[in-house]
Structure formats: structure tokens, C-alpha cells
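Let's walk through this one together, one feature at a time. Have a look at the structure first.

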Amino acid sequence: MTDPIADFLTRLRNALKAKHRVVEVPASNLKKEITKVLHDKGYIQNFKFVEEGPQGTIKIALKYHAVTKEPAIVSLQRISKPGLRKYVGAADMPRVLNGLGIAILSTSKGIMTDKEARTHHIGGEVLCHVY
């Protein structure tokens, strides 16, 4: 697999379109950190790391609105790809839907959102946009 982050986002996107409650994805440290950010910002309901086999998996409980049954995540977009990496400085930090969405960045201080990176005055690689 050349792009495990794109595979992670595609599995989430497909599960949301199929209205699944839980989705399982192969685990890696980067995927675990992205999952934690999505949970902290309220885009997923819960997650659990299952340490079985050589790699392990991440079980993610997806979040839907109670009345309309619409998913909490409208869009997941991969920005930085293996063929074309996208790096931004602290001054050029992207805003997703004028601050309504989040951009997930890989920085020297770890995985964080665009708002956190702006407050720490650090840049990094823009992994994806979520709203």
C-alpha cells in the first residue's frame, strides 16, 4: 500500500456513506494520533485500539446526528499525497470553511489541528481537511 493515510480516510468515508456504526482499520502510530484528534474534536464517537496480530487494528465508532441520522463528518479530504507533499508555515496555515472545519497537520510537536499549530506558531505537513 503506497498511501496508508488515504486508505484510512477512504475506509472512514465509505463506512459513513454506508451508515455503519463501527469501522475497523489497520493500526499505525500516525493513524492512532489522527483518530485521537478526530475524537477530541467531536467528529467520531469513540475508538479502541485492539492489539491482535503483528499490526493491530483501530475500531472506530462513528458519530451521527440523533434526529437527522446524518454523519458528523461531511467531508474527508487528503491534501498531502506521497507524490506531492504540502507543507505550510505558521503564517500560511489553511482555514477549512473559515474555521468551521479542521486541517490535521503533522508537525515537529506531533499531530495537531491547524488552530493548535497557529497558537504554537509552528508549521508542518497538511495531512487532511475534515468538516
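Q: How do I read the handedness of a helix crossing?
A: A crossing is left-handed if the near helix is turned anticlockwise from the far one by less than a right angle, and right-handed if clockwise. Helices here (H or I, at least four residues) and strands (E, at least two) are DSSP runs, numbered from the N terminus. In this case, helix 1 and helix 2 cross in a right-handed way.

Q: Before we go on, what kind of model is this, and how are residues numbered?
A: This is a predicted model, where local features need pLDDT of at least 70 and side-chain atom pairs count only at pLDDT 80 or more, while totals for chains, interfaces and linings use all residues. Residues are numbered from 1 along each chain as its sequence is written, and side-chain values use heavy atoms, with hydrogens and water left out.

Q: At what angle do helix 1 and helix 2 pack?
A: Axes are lines fitted to C-alpha atoms, for helices over the stretch in contact, and angles run from 0 to 180 degrees between N-to-C directions. Helix 1 (residues 4–17) and helix 2 (residues 29–40) pack at about 40°, and their axes are 10 Å apart. Angles under 35 degrees count as roughly parallel, over 145 as roughly antiparallel, 65 to 115 as roughly perpendicular and the rest as oblique. That is why helix 1 and helix 2 are oblique to each other.

Q: Which residues meet between helix 1 and helix 2?
A: Contact means heavy atoms within 4.5 Å. From helix 1 come Pro-4, Ile-5, Phe-8 and Leu-12, and they meet Leu-30, Lys-31, Ile-34, Thr-35 and Leu-38 of helix 2. By class, this contact has 7 nonpolar, 1 polar and 1 charged residues (Ala, Val, Leu, Ile, Met, Phe, Trp, Tyr, Cys and Pro count as nonpolar, Asp, Glu, Lys and Arg as charged, and the others, Gly among them, as polar).

Q: Is Lys-31 buried or exposed?
A: Buried means under 20% relative accessible area, exposed over 50%, and partly exposed in between (1.4 Å probe, protein chains only). Lys-31 has a relative accessible area of 3%, so it is buried. Not counting residues up to four places away in sequence, Lys-31 touches Pro-4, Ile-5, Phe-8, Pro-26 and Ile-58.

Q: What about buried residues in strands?
A: Leaving out residues up to four places away in sequence, Thr-113 touches Val-37, Lys-41, Ile-102, Ala-103 and Leu-105. Then there's His-129 in strand 8 (residues 124–130), which counts as buried at 16% relative accessibility. Beyond its neighbours within four places in sequence, His-129 has contacts including Ile-102 and Ala-103.

Q: How do I describe a pair of aromatic rings?
A: You give the distance of the centres and the angle of the planes. Rings of Phe, Tyr and Trp (its six-membered ring) pair if their centres lie within 6.5 Å; planes under 30 degrees apart count as stacked, over 60 as edge-to-face and the rest as tilted. By this rule there is 1 aromatic pair. The ring centres of Phe-47 and Phe-49 are 5.2 Å apart with planes at 45°, so this pair is tilted. Phe-47 counts as partly exposed at 22% relative accessibility, and Phe-49 counts as partly exposed at 26%.
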